[in-house]
Amino acid sequence: MKFGGTSVATLPRWQNILELVASRRAEGARVLVVVSALSGITDALKQLCAQEDKGKRIEAAKAIAQRHYDLLDHMQLAVPDTLGARLAELAQLAEDGPSLLGELAWQALVQAHGELMSSALGAAFLSHSGLPTQWVDARDCLKAIALPNQNERTKLLSAMVETKPDPALNARLAAQGNVFITQGFIAREELGRTVLLGRGGSDTSASYFGALLKAQRVEIWTDVAGMFTANPRQVPSARLLQRLDYEEAQEIASTGAKVLHPRCLSPLREPRVPLLIKDTNRPELDGTLIGPEVREHAPSVKAISARKGITLVSMESVGMWQQVGFLADVFANFKQHGLSVDMIGSAETNVTVSLDPTENLLDSDALAALASDLAKVCRVKVIAPCAAITLVGRGMRSMLHTLSTVLAEFGQLRVHMISQSSNNLNLTFVVDENVVDELLPHLHELLITAGALRTDDSALFGPSWQALYGSGEVLPPAASWWRQERRDELLKIGAQSTPRYVYHLPTVRQQARELKSLAAVDRLHYAVKANTHPAILKALAEEGFGFECVSPGELKAVMAVVPESAPLLFTPNFAPREDYAWALTTRATLSLDSLYQLEQWGELFRGREVVLRLDLGRGLGHHEKVRTGGSGSKFGLPVEQLDAFLRLADTHGVTVRGLHAHLGSGILDDGHWGEVYGQLASIAERIGSISFLDIGGGLGVPSHPGEARLDIAALDKVLREVKAAYPHYKLWMEPGRYLVADAGVLLTKVTQTKGKGNGQIRYLGVDTGMNSLIRPALYEAWHEIVNLSRLDEPATSLFQVVGPICESGDVLGTDRRLPEPQEGDVMLVAQAGAYGKVMSSPYNLRDEAEEIILA
Amino acid sequence: MTTNINPRLTQVFRFVRCSYADGVAELVYAFDHGEELIERVRFPHAPALPGTHQAAFDQALKLLHLIAGVSYYKAGVPPRIEVVGGPLDGSTADLLDALYLHGLAEFAYRNGLDLRGRIAFPRGGDVLPEAHALNLPHRTLVPIGGGKDSLVAVEAIKSIGGEATAVWVGNSPLIAACAERTGLPTLNIQRELAPGLFELNRLGAWNGHIPVTAVNSAILAVAAILYGYDSIAFANERSASAATLEYDGQQVNHQWSKGYTFEQLLGDWLHQHVAADLTYCSLLRPYSELAVTRAFARLTPYFDVFSSCNRNFKLLGPKPADRWCGQCPKCHFVFLALAPFLAKPRLLSIFGRNLLDDENLAPGFDALLEYQDHKPFECVGEGAEARAAMYALSERSEWQEDALVSRFRSEILPQLHVAELALEPWLQPAGEHRIPARLQRALAFFA
């Protein structure tokens, strides 16, 4: 069991260690505890080493001693002899300085005292607390081995240790007792000098001991429960990895995870000693267990990581084709300039390599010198700043087919290099660095939706980081109105006739009120395209919403239902002239989104106030992927045409009163809106006439089980911050789906079933499909589907839920676990309140779904 | 505000009054007989003013009132200017006529206006008495803009152990972060525009570029007397004096108030009318943008906080894209000017992307090179300077294959004389400056 610096720095943390060790002891295990120095002590010792003045060194040693006295005082323990001897030795070393031992050996010995002292202190505390504990000097157990290429510095300050099992050591310890404590980070070399193990040294010591003793298990106790499917700082929804094999874990550790140093896994591989990562503060969590490969799990991507600051050097020359020694010469240049190559990708006439962000690369002329040497033999291009995005999982090549949506995402980016090693553990894409922060959470999500990262396998994947450590409370999934209180009613409605859409108005109102709680937002418009049912329009008008319409038809439908006082917005896209002309006769605020409208029809708008819909696109940075921004999208005026638009507006006496930008849909990250809002505001400052900013909608509604809801309180905070910076603009939003999606369900009945491929694939037919609900076919949208007639029966088999339309894409849901169905059972498709009925079609001339309102 | 006047149809712009109490200066203006427009400038922790400094302070405040009026005057550009306190003396009227005409030249060009003959401050007032020396403390106000220039100025003064305060006007978090990184004492002065100006904008006021450096200079002159500083050291380069374009016989310079002409006018005026021992100068005046970027390239600790991008980042994030929009001429110029002096991966890590490898930015860089376009309306270096930097990169293997460098080599370079593209001459100091003897040792920083 290994405990780090913060775990050994205070009395409560030592009491925690005592409990954990005692519980292992109670399980019958014999325990060896490996400890780091008290937090801050290693740094203090390094500073002592750097101090040339003897007096100051002695002072420093005294301060370090005092830290240990203070902790002992807290423990109400006298200074044990073992610790006293160490402190005396340290004082002597401080007094002597490096001259006797030699600089490096002296440094190693001084720094080793951090662990020597903490372990001595620990032995005293544990023994005194009723757990007799033997102090073991790690230097008597771990033997550093001499390696070729080692200089004096690496030999003394980052040594490697022999890892062959040592039965003699087992026997020696067995004779002494059952609980031991020793030091991380230190060993002894053949001349008898004390050496250090370098970065990650304490974890590595634990591994060495595990290997030497052929331990039942190595436990690394730290401040987090283990490795995650992604860096939680980048992807808060990253899941805890509960089970990994050594190679996968090593790959994840080397590509980004900081919890474990990659080098501490290799000593354990051959003796097949498992390593368990545990959270000291939350011992009840399973943690990550790393062991030999397990075959009974389906292949799955285990993690996605990103490393930034990568520089690519692309070398192009026909001279390399079939030339012996060409690459050897090229790589000699890298060696000569002290640049270490990481990844390599090659074609017949091109070799591209990646360089990690070292100081030599960033702050010296090394790269310039390299490039000019290489330019003598080939064309060189330096591409930076890049980031390497790596997917890790055993059997990566067999998973490629599941990655299609993920690969499609890369299709929209500049991918400079793809690398896949023969160990089949990873797949790496090198892309522009600036897309990574947004891309990573998105890819993580896509991997889950694509079934490539099998979070449904609870043996492999634990809870999300957000759920375990996230700030604030984790929002529970909203209870569905149809599951409990209105279920019987829905069964009756379904029994009468299907297909039917049913809308639950209280849910609409509840969502509306939640959005009204956003204090920073001055006006909310319902984007009526999501659902134009009059009862919903009326309910939202009563809640004080305005209405955003995209066609004269929508405007007419809204004006027929809502009171005169409800504000209207008209935001068409590529609409004919007469739509604008007609809209100008209504009270709607009009939005323009191209130069054409003013160039060709300018006089139509003379004297009017309009809203300008902008495409923030790549112009302001980071939205390449967002579907309604960027030159791949038909919406909005590109920012670079803004000046031209304003001149035209001036010419035609048109006042631009508001700016509008829309990001896209289904966005669950609250930071997005703040960013769009901030960008719009900074543009508005250049235009005198602006009084409001419309940041659109796109508020996400989670569909998959376990997906976190949009955090309205966090969104509110983000918006209030921007508002405080730009108080002179009113803030508008136009949510659509958020208000109505959960309020609607589609009821349909089971028609027939079918099995194919020896019953491996089972189809469950229902009486409507893509003609009523096209989202699954159009956007691969995921809707929960339940058998409402058998909601309480166990879900036993996997079904493909299909409709009656003559299209192979008429599938409402794939691989859904449902109870055995019977013809006539009422099936419910959830979250069908938005873009359901409004997008339905008469295709195949099947009856259209009726709409029923539940008040 | 309830006025419903169309600002473009107003007849008189009036300097109504100015006052100061408890650290707050109030500057009052009006169009015709419309409502008063009241701007407030807040000086934090303002000390009590010694009686000996009162006359100097009053003169500085009066000048601030006259100069800051440019933000409001431009909303309507009425034919007449009226100063309620009475006509100005000749030297003051000259200063203001020049400032309003040249400082608003870009504004006029862009709005299709001709201000020649329209701007005439009332003159004929009594000649002001000659100012005395006030024995101001030997310390310097260094305005911080968040960009490279002021940071170089700070480090130059620090290099000779000069006593200085980092000062800025407004509440930009980016500038605050840079000021903090300098390690100097800081002074943050707040300027609150009259709310009525926003209303005028809504009613269709003229809009455009104003000589904001002049306004900030006048604010700092007041601050120098109030807090006691004998020098104000801006960071305006030699190239700031170069015109952006000439139009209809008039030179239009986006950075006129950063140019040497204005520096002389204001410096002399402050000497004569405020305090004989108050210096107003630019520490970078003898240097080109390239010489300054070369000096800045050594200042690694600022790389992750500074930005010369002129998009107003009121909200700061940790990413390069949160400080550099990558689209504006400032981003393009600073990228290009730093490139010859920094390792390429380091430069790219500052900007978060490689602007010279993005074909879509060709028009932007062309304008900097004054190739098929005029220099942009921005505080950027001269075309010849940009060409020298680009030429230097085109000779370097690690840059040659980048889209815009490669395009320069094949399309633009053949039309240029290589002899005129050397980088070296740009790194030498040249031309006049007004740097006081006390600070001249700091110029060694640029060697």
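How many helices and how many strands are there in chain A? In this predicted model, chain A has 27 helices and 37 strands. The C-alpha atoms of chain A occupy a box of roughly 95 × 65 × 65 Å along the principal axes. Of the 855 residues in chain A, 47% are buried. When contacts in chain A with a sequence separation of 6 or more are considered, 74% of them involve residues 24 or more positions apart.

Chain B contains 17 helices and 11 strands. Its radius of gyration is 22 Å, close to the 22 Å that the globule rule gives for 447 residues, so chain B is as compact as a globular protein of that length. A box of roughly 65 × 50 × 40 Å, taken along the principal axes, is filled by the C-alpha atoms of chain B. Buried residues account for 52% of the 447 residues in chain B. Of the contacts in chain B between residues at least 6 apart in sequence, 75% connect residues at least 24 apart.

The two chains touch each other: 26 residues of chain B are in contact with 39 residues of chain A. On the side of chain B that touches chain A, at least two residues each are supplied by helix H7 (195-202), helix H12 (344-351) and helix H15 (397-400) of chain B. H12(B) gives the largest share of this side, 5 residues. By class, the side of chain B that touches chain A consists of 8 nonpolar, 8 polar and 10 charged residues.

Several pairs of helices pack against each other within a chain. In chain A, the axes of helix H2 (residues 41-50) and helix H5 (residues 103-128) come within 8 Å and cross at roughly 155°. Because angles over 145 degrees count as roughly antiparallel, H2(A) is roughly antiparallel to H5(A). The crossing of H2(A) past H5(A) is right-handed. On the H2(A) side, the contact is made by Ile41(A), Thr42(A), Leu45(A), Lys46(A), Leu48(A) and Cys49(A), and on the H5(A) side by Gln107(A), Val110(A), Gln111(A), His113(A) and Gly114(A). These residues divide by class into 5 nonpolar, 5 polar and 1 charged.

A further pair in chain A is formed by helix H11 (residues 326-336) and helix H13 (residues 366-374), whose axes come within 9 Å and cross at roughly 160°. This angle makes H11(A) roughly antiparallel to H13(A), and the crossing is right-handed. Val330(A), Asn333(A) and Phe334(A) of H11(A) make the contact with Leu370(A), Asp373(A) and Leu374(A) of H13(A). The contact of H11(A) with H13(A) has 4 nonpolar residues, 1 polar and 1 charged. Helix H13 of chain A also holds Ala369(A). Ala369(A) counts as partly exposed because 17 C-beta neighbours lie inside 10 Å. Between the C-alpha atoms of Ala369(A) and Glu489(A), which are 120 residues apart along the chain, the separation is 77 Å.

In chain B, helix H5 (residues 148-159) and helix H10 (residues 289-296) have axes that come within 9 Å and cross at roughly 65°. H5(B) passes H10(B) in a left-handed crossing. Lys148(B), Asp149(B), Leu151(B) and Val152(B) of H5(B) meet Val292(B), Thr293(B), Ala295(B) and Phe296(B) of H10(B). By class, this contact of H5(B) with H10(B) comprises 5 nonpolar, 1 polar and 2 charged residues.

The backbone of chain A was also examined. Most residues other than glycine have a negative phi, and most peptide bonds are trans. The peptide bond from Ala384(A) to Pro385(A) is cis, with omega near -10°, and Pro385(A) lies in strand S17 (residues 379-392) of chain A. Thr498(A) and Pro499(A) are likewise joined by a cis peptide bond, with omega about -5°. Pro499(A) is placed in the loop between helix H17 (487-496) and strand S21 (500-504) of chain A.

Lys214(A), which is not a glycine, has a positive phi of about 45°. This residue, Lys214(A), is in the loop between helix H8 (201-213) and strand S9 (218-222) of chain A. With 13 other C-beta atoms within 10 Å, Lys214(A) is partly exposed. Phe574(A) also has a positive phi, near 50°, and sits in the loop between strand S24 (568-570) and helix H21 (577-583) of chain A. Phe574(A) has 10 other C-beta atoms within 10 Å and is therefore exposed.

Conventions. Residues are numbered from 1 along each chain as its sequence is written. Chains are lettered from A and ligands numbered from 1 in the order in which they are written. This is a predicted model: local features need pLDDT of at least 70, side-chain atom pairs count only at pLDDT 80 or more; totals for chains, interfaces and linings use all residues. Helices (H or I, at least four residues) and strands (E, at least two) are DSSP runs, numbered from the N terminus. The radius of gyration is taken over C-alpha atoms; the globule rule is 2.2 Å times the number of residues to the power 0.38. A residue is buried if 20 or more other C-beta atoms lie within 10 Å of its own, exposed if 12 or fewer, and partly exposed in between; C-beta atoms are placed from the backbone. Two residues are in contact if their C-beta atoms, placed from the backbone, lie within 7 Å. Axes are lines fitted to C-alpha atoms, for helices over the stretch in contact, and angles run from 0 to 180 degrees between N-to-C directions. Angles under 35 degrees count as roughly parallel, over 145 as roughly antiparallel, 65 to 115 as roughly perpendicular and the rest as oblique. A crossing is left-handed if the near helix is turned anticlockwise from the far one by less than a right angle, and right-handed if clockwise. Ala, Val, Leu, Ile, Met, Phe, Trp, Tyr, Cys and Pro count as nonpolar, Asp, Glu, Lys and Arg as charged, and the others, Gly among them, as polar.
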